[in-house]
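I opened my notebook to walk through this protein one step at a time. Here is what I looked up, in the order I looked.

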Amino acid sequence: MSAFGGTEPDLDNPEQIAKAFDAEMNKRAVWQPSRRLHWWLSPSAHWEGLKRRLSPKIAAEAWKSFVKAHGLVELQAGFAYPEKDAFSELVPWLAELLWTPEARIESIFFEIRGEESRHAWHWPLRLGFLPDASSQELMTAFTTRHDAWSGRLTRPVDVAATGQGCDMLLSPLDAAETRAMVERHRVQATTIVLLDRKPFATPEHARDFLELRASARAATIASISNTKKDQTIVDIIEEISHDVSFDWAISRAARKCGGIPLIVADEEFIHHSKITVVGNLWAARLGAQGDPGSLEMTGLGIANEIRSINRGIFHSELGDASLLAEKINEGLAGSTPHPRYIGATLQPVFGRTGRAEVRTKFANAFVRNEWRLLAVNIAPRAGPQDLPSFPDERIDWSQDQQTLSIIVTAPNCDLLSAPYYFVQDLRYGQPIGEISYLERMFIFDERPQESASAEITIHSVGSSSDALFFIRPRNAGSIKARILVVHANRVLQTAILNAEVHSRNSSVESGAAGAADQEAAETGAIIQLVPEGMIRSELQDLGDRRVFDLAILTNDSLTGAPQGTLIADGTVFLQDFAEIKKIADRVGARLKEMVESPKDFRAADSEVTAALLRNLANDGVLIRRHLSDAGLKPILARNPDRIQVVAAKPDEALPVDFIYDGKAPDPKTAQVCPNQARALNSGSCEACPNREVSTHVCAMRFWGLTKVIERHIFGKRKPGSEGKDEITARGPSPDRERIKRPSSRLFASSERAGNFAGGAGALRELVQRLDLATKPAGKAFAAIKWDQWRAFVQQNTPSLCVLLPHTDVDNGNDVIEIGSGDLLTNAQIDEDVVGTNHPVVVILLGCETARPELRLASFVSSFRHAGADVVIGTLTPVLGRHAAPIASALIEQLDQLWFGGSRVTTIGDALTNVRRAFLSRGLPIGLTLVAFGDADWLLGD
């Protein structure tokens, strides 16, 4: 069909058009045996020519004549750079012409190139379903089928509830409706198949189709007009299991239901969608990770088995395809991780003339007011390492790679990220023009800052690429910088860079340096990296994790002042947090007042509660204003709904939960919004008329009741904690392990938690609630001594531990007390206290202490270091007499989620729902509930 260009002879009748079709098909048949007619569309030429010369009626007659000679074919049209206007006009035209069984077209295929898209393609395939009623019915219909192969070859995913990316999103909705759902829930899908859809009748329908693909970053999108729905899904999976590419699987499945699919695809993905290609990729990865000296015990043996399977016939979905899926999972489970670590080196920057600067022994060292090139990567390192590792096990990235962001913040330094293509010239002394790269940056006002961001590409084994930065210290003496590894606005690991900064006129430069200093400066070993914190060590399936909007690292500025590092979409903002710290302390004081006077806060709409909400809302408006002034105004305007908060110091956690969306309410007269109760129950304010007024205050305007806030605490390393970071850095597995209803539960409290009227009864009721929820097969135990606690952990490996301890200081040690005076120091909290039945959830409600220097957060950090996957607590200590009722209400809410049926939710979403439930019951203490750990853990059976 390329004969329809503007320079070809006129095609005035069906016979001429049919000959043009025939000539194109015969030309392609020489080098491509597939039944595919190629048509490369140039929107400015071919399509305009089509519109001038053809009508659907004339073209239809020509097509019927053509297919008599050639039979069923697939029409392929290619866009080097897709243009929505041309596509949106062309597709309705083709629909009128060809979207009938009489046309005898198998499928209409548009190739798209030059756009970033998601290529992840797992085996078994992850099938995604949206949360609307029709999609949920479709998921139920598919999962309740009894096809023997479905459990081996597919993994159904509720994409909204889990936040998980999928290989194939299956939607019974039209393109516009599906797109709205995709954007609302930030769904990421490699392919999208619209089921039960009619042909595109208008340009708007076609435009929605293209925009849906872009919204999900999908490599391929297809539409099949049919009514068989779940059977069509089965047909698609069966065809894929027969080792055909995705587009042919769609075409063959469509033939069975009488539909004609429209496919828009990235050709590179189409090639990699065949099972044997996936198998070969896995064989290469497992082989690279295996040990040739022990074939039967390592990935190399399984790699060879996968290669053998790939030589099979793939005629049956119960045959080679299922066996391949089993072997891939076996290889994942048995692969040996090879550790990789953050590393940094320093190199000189060459001048614009191509000649090196005068070489000195400090060419590879920091020198005041001189530019150096800082290279950061993740790679295997020889010898002992202080930094925690990024193991390379279970990596299943598309095209065997993953992109990460490296962020560097350096006080009293000038920083610029260095594009790779410029750096090659600088590194090897090549001229780059009449002005240097750095001067050029200044001309375009890209002024150096104290922070910068660059990307690296890391593969399943070996070293990553380098993140390259120009760095210039302003002062001699010493330099301290922070290096952060980030993905999708979530921090994975941080390290501190320490080095000395020399001066050209110093005694060191004049020759007084010792031999060790000279050697260090010459080799680049002058840089020392010190571990700060590991949040997630596993890099696999990062692309399947829900994208966050904002990451906030609260820490000191490395010079002693409180500071926040704010990260959004590759941009870094540094903000002085001194003023925010004052507001945070004020929030803490208000929460403490609420805890100490609980009787005054029993009703959600009482005047005392209203006053608390008014004051907290005013504090929240100020925190939001400070973040806006730091450069986050555009991000805040987009209404971020997923935020990660990392506290490098346990007592410096930022209370973003109390950021208030809306006008500051009048601190004296504002009333609780009359629609608050309904909003708390529904989870949305919807079109409330009081949303933007100062005469009302509403709890639903606080971030903690509408956002997912993922919290992490670094804390201090305890003696003997080396190598333990990987335990605390564990996250959900690629198939998203679930925090299931715990069949074994452990409880302990200090006697002080029951020293109030009715206290003993409240504790008994709490234990009964724990016990009843575990039956018939479970077990709950109440310990009064730490020895009993450890013994139960060892024998029963509980997955839910509830602690209502008293916190104190004994002989200079931070301690937690259970029973009557049985103490455990902070340093003694280890794996024997937490257990190994992961995922483990710890509920920690520390009682009030008179020691203001003792922070409950330090114990949270210790339980995370000991292996607790999630620690749930409060932003402020609670009184002993309130710990049991709060714990009981919290467990009740969690049990409702565990017993809520087959629908799962993430722990981040669950805790937001629990906070709202507390508020709706008149318990404002729910405002203080927080969870520390990965927000993507799934909660549900």
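**Entry 1: the overall picture**

I began with contacts, and residues 24 or more positions apart account for 80% of those with a separation of 6 or more. I kept in mind that this is a predicted model. I then looked up the secondary structure and found 29 helices and 38 strands. Of the 941 residues, 58% are buried. The exposed surface comes to about 37,200 Å², and carbon and sulfur atoms supply 49% of it.

I checked the confidence next. The average pLDDT is 79, and 76% of the residues score at least 70. Where is confidence lowest, and where is it highest? The lowest mean, 41, belongs to helix H23 (residues 725-728), while strand E6 (residues 166-171) has the highest, at 95. I also noted two stretches where pLDDT stays under 50. Residues 292-297 are one of them, with three contacts beyond four places in sequence. Residues 507-514 are another, and the model gives them 15 such contacts. My reminder to myself: where pLDDT is low, the predicted coordinates should not be read in detail.

**Entry 2: the nonpolar cores**

I wanted to see what sits inside. In soluble globular proteins, nonpolar side chains tend to be buried together. Here the largest nonpolar core has 63 residues, and Leu-804, Ile-843 and Ile-872 have the most contacts inside it. Helix H28 (residues 880-898) gives this core its largest share, nine residues. I picked Ile-872 and listed its contacts, leaving aside neighbours within four places in sequence; among them are Val-841, Ile-843, Leu-890, Leu-894 and Val-930. There is also a second, separate core of 49 residues, including Met-139, Ile-237, Val-278 and Ala-325.

I tested the length of helix H11 (residues 246-257). At 1.5 Å a residue, its twelve residues should span 16 Å, and the end C-alpha atoms are 17 Å apart, so the two agree. Is H11 mostly covered or mostly open? It is mostly covered, with nine of its twelve residues buried. The buried ones include Phe-246, Trp-248, Ile-250 and Cys-257. Just after H11, I found Gly-258 with a positive phi of about 80 degrees.

**Entry 3: a three-stranded sheet**

I traced an open sheet of three strands in the order E27-E38-E36, with mixed pairing. Strands E27 (738-739) and E36 (905-906) are the edges, each pairing on one side only. E27 and strand E38 (residues 938-939) run parallel and are joined by two bridges. I followed one of the bridge partners: Ile-739 goes with Leu-939 in E38.

Most residues other than glycine have a negative phi, and most peptide bonds are trans. I went looking for exceptions. Thr-797 has a positive phi of about 40 degrees although it is not a glycine. Thr-797 is in the loop between helix H25 (786-796) and strand E30 (800-804), and its relative accessibility of 28% is why it counts as partly exposed. Asn-811 also has a positive phi, near 55 degrees, in the loop between strand E31 (806-810) and strand E32 (813-818). With a relative accessible area of 73%, Asn-811 is exposed. Which bond is cis? The one joining His-838 and Pro-839, where omega is about 0 degrees. Pro-839 lies in the loop between helix H26 (831-834) and strand E34 (841-844).

**Entry 4: two glutamates**

I finished with two Glu residues. Glu-267 lies in helix H12 (residues 267-272) and is partly exposed, with a relative accessible area of 29%. Its C-alpha atom is separated by 6.1 Å from that of Glu-111, 156 residues apart along the chain.

Is Glu-710 buried or exposed? Glu-710, in strand E26 (residues 708-713), has 2% relative accessibility and therefore counts as buried, the cut-off being under 20%. Not counting residues up to four places away in sequence, Glu-710 touches Arg-490, Phe-548, Gln-644 and Asp-934, among others.

Conventions. Residues are numbered from 1 along each chain as its sequence is written. Side-chain values use heavy atoms; hydrogens and water are left out. Helices (H or I, at least four residues) and strands (E, at least two) are DSSP runs, numbered from the N terminus. Buried means under 20% relative accessible area, exposed over 50%, partly exposed in between (1.4 Å probe, protein chains only). Contact means heavy atoms within 4.5 Å. Accessible areas come from the Shrake-Rupley method with a 1.4 Å probe; for residues, only the protein chains shown count as cover. A nonpolar core is a set of buried Ala, Val, Leu, Ile, Met, Phe, Trp, Tyr and Cys residues joined through side-chain atoms within 4.5 Å. The expected span of a helix is 1.5 Å times one less than its number of residues. pLDDT is the predictor's confidence in each residue, from 0 to 100. Two strands pair if DSSP finds at least two bridges between them.
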